[in-house]
Amino acid sequence: MIETEVVLRTPVPQARVAELERRMFYVSAQIESFRLVVDDGTVRAVRLFSTAALDREALSAKLNTMVENDLGSQPEQPTKVVWRSANLRATHEVYAPLLAAGVVSEAGEGQIAVGEPLISLLAALDRRLRDLVVETFAATEYRYPTLIPTRVLDAAGYPGAFPQHLMFVTRLHEDLDVYRDFQRSYDAAGALDGEAALRRCSNVDYCLPPTMCYHTFAQYRGRVLPADGVHVVTSRGKSFRYESRYATTLERLWDFTIRETVFFGGRGAVLDARERLMELIFALVDELGLDGHCEVASDPFFIGADRAARAWSQRQLELKYELRLRLGPDRDVAVGSFNFHGDFFGRGFDITRPDGVPLVSGCAGFGLERLVYALLCQHGPDPDNWPAAVREWHRAERAGEQSPVR
């Protein structure tokens, strides 16, 4: 490996090391690994490792621009914990045993195939989440298609905020000559030439959805909803985010499953609904005997002069909370988030009250593979050692029965 050291013009304090680390691989595809150079609790430089020589000057410019724009100079904010479970649990290293037993298998970059008992466990936990939302809020459930029009993500502002996660869908030009030329090229090479294929492709009108709530906003585009109360929609589906080399185990996947719930209404009604759902989820975490906490968080805004300010504002206003469950002695993972959007999506998608005022929205999303993985890390992979409630739901799911309402 070739080592290239880049000195940071703006040192990064210890409190923002995790934010720096989760951006490093997006700086350049040539970076194979990296090591932070820490002096007195502050990152002063980064050592980059690659198989080919790197352009130090170009990388220094890119890395320093990213640090200054995305991490910024806003005051450091201590993490605010709003809830902590009553459970203190030892953890298990489960991924390697699951691989060895064939319960999971690595299907590709950021893609993990799962078998039983995880299939039924995931379905059982999702059913419980769904039931909580439907029974409490009289939510309407939808099943959405996988692909989402790019114009929907445009209306949501997603490409500008999270370009690192986008995954486009395209196709060959609708032209007989293009098909024949593609076939000849493929037959000659005996494999797909990605660069040549993309030159023959038509457009990027569709994307793989980064989360499920954008389907809901698109479905309700131009709708008028009652001004009183809260309108609730829930869905489960596949979501996709490019995670570069950060993809690992069931913690961070390019291809994962989300249970998402969207709230529409007035400001007070939406905030109250979010608070009520948080209370229900905290009670569920305790019922499952899981060790975790909920904290004020921000989205991983990326690339732009205002990103750090947006993240700081998001934390200050407590627009986003993350539910984090422990995976190891010094390691946890966000399995869910509770978000308040104000009228941002109401304006963007023209979702209004009868008087034309844009509605306020919020959402809550749960990564089901992460939830399953956290439960296994804390309770082990043997169903006999799972909490009684989980064993009951799991048995019912395996038997094809609906879990009893609690």
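The model is predicted. The protein has 14 helices and 16 strands. Its radius of gyration is 23 Å, close to the 22 Å that the globule rule gives for 406 residues, so the protein is as compact as a globular protein of that length.

**Overall build**

- Taken along the principal axes, the C-alpha atoms of the protein fill a box of roughly 60 × 60 × 50 Å.
- Of the 406 residues in the protein, 50% are buried.
- Contacts between residues at least 6 apart in sequence were sorted by separation, and 74% of them join residues at least 24 apart.

**Helix H4 against helix H13**

- Two packed helices are described by the angle between their axes and the distance between the axes.
- For helix H4 (residues 118-137) and helix H13 (residues 368-379), the axes come within 10 Å and cross at roughly 110 degrees.
- That angle makes H4 roughly perpendicular to H13, because angles of 65 to 115 degrees count as such.
- The crossing in which H4 passes H13 is right-handed.
- On the H4 side, the contact is made by Leu118, Leu121, Leu122, Leu125, Asp126 and Leu129.
- On the H13 side, Leu368, Glu369, Leu371, Val372, Leu375 and Leu376 make the contact.
- By class, the residues of the contact of H4 with H13 are 10 nonpolar, no polar and two charged.

**Helix H4 against helix H14**

- H4 also meets helix H14 (residues 388-398), where the axes come within 8 Å and cross at roughly 110 degrees.
- H4 is therefore roughly perpendicular to H14.
- From H4, the residues that meet H14 are Ser120, Leu121, Ala123, Ala124, Leu125, Arg127 and Arg128.
- Their partners in H14 are Val390, Trp393, His394, Glu397 and Arg398.
- The contact of H4 with H14 comprises six nonpolar, two polar and four charged residues.

**Leu375 in helix H13**

- Leu375 lies in helix H13 and is one of the residues through which H13 touches H4.
- With a relative accessible area of 0%, Leu375 is buried, because buried means under 20%.
- Neighbours within four places in sequence aside, Leu375 is in contact with Leu121, Leu125, Leu290, Gly380, Trp386 and Val390.
- Among these partners, Leu121 and Leu125 belong to the H4 side of the contact with H13, and Val390 is in H14.
- Leu375 and Gly289 are 86 residues apart in sequence, and their C-alpha atoms are 8.9 Å apart in space.

**Ser361 in strand S16**

- Ser361 lies in strand S16 (residues 360-367).
- At 1% relative accessibility, Ser361 is buried.
- Leaving aside neighbours within four places in sequence, Ser361 is in contact with Phe217, Phe263, Phe264, Val270, Phe340, His341, Gly342 and Phe345.
- Between Ser361 and Leu277 there are 84 residues of sequence separation and 14 Å in space, C-alpha to C-alpha.

**Backbone features in loops**

- The peptide bond from Glu116 to Pro117 is cis, with omega near 10 degrees.
- Pro117 lies in the loop between strand S6 (111-114) and H4.
- Thr249 is not a glycine, yet Thr249 has a positive phi of about 40 degrees.
- The loop that holds Thr249 runs between strand S11 (230-240) and strand S12 (255-265).
- Thr249 counts as buried at 16% relative accessibility.
- Asp350, also not a glycine, has a positive phi of about 55 degrees.
- Asp350 is found in the loop between helix H12 (344-348) and S16.
- Asp350 counts as partly exposed, with 45% relative accessibility.

**Ala100 in helix H3**

- Ala100 is in helix H3 (residues 95-100).
- At 71% relative accessibility, Ala100 is exposed, because exposed means over 50%.
- Ala100 and Gly336 are 236 residues apart in sequence and 28 Å apart in space, C-alpha to C-alpha.

Note on methods. Residues are numbered from 1 along each chain as its sequence is written. This is a predicted model: local features need pLDDT of at least 70, side-chain atom pairs count only at pLDDT 80 or more; totals for chains, interfaces and linings use all residues. Side-chain values use heavy atoms; hydrogens and water are left out. Axes are lines fitted to C-alpha atoms, for helices over the stretch in contact, and angles run from 0 to 180 degrees between N-to-C directions. Helices (H or I, at least four residues) and strands (E, at least two) are DSSP runs, numbered from the N terminus. Angles under 35 degrees count as roughly parallel, over 145 as roughly antiparallel, 65 to 115 as roughly perpendicular and the rest as oblique. A crossing is left-handed if the near helix is turned anticlockwise from the far one by less than a right angle, and right-handed if clockwise. Contact means heavy atoms within 4.5 Å. Ala, Val, Leu, Ile, Met, Phe, Trp, Tyr, Cys and Pro count as nonpolar, Asp, Glu, Lys and Arg as charged, and the others, Gly among them, as polar. The radius of gyration is taken over C-alpha atoms; the globule rule is 2.2 Å times the number of residues to the power 0.38. Buried means under 20% relative accessible area, exposed over 50%, partly exposed in between (1.4 Å probe, protein chains only).
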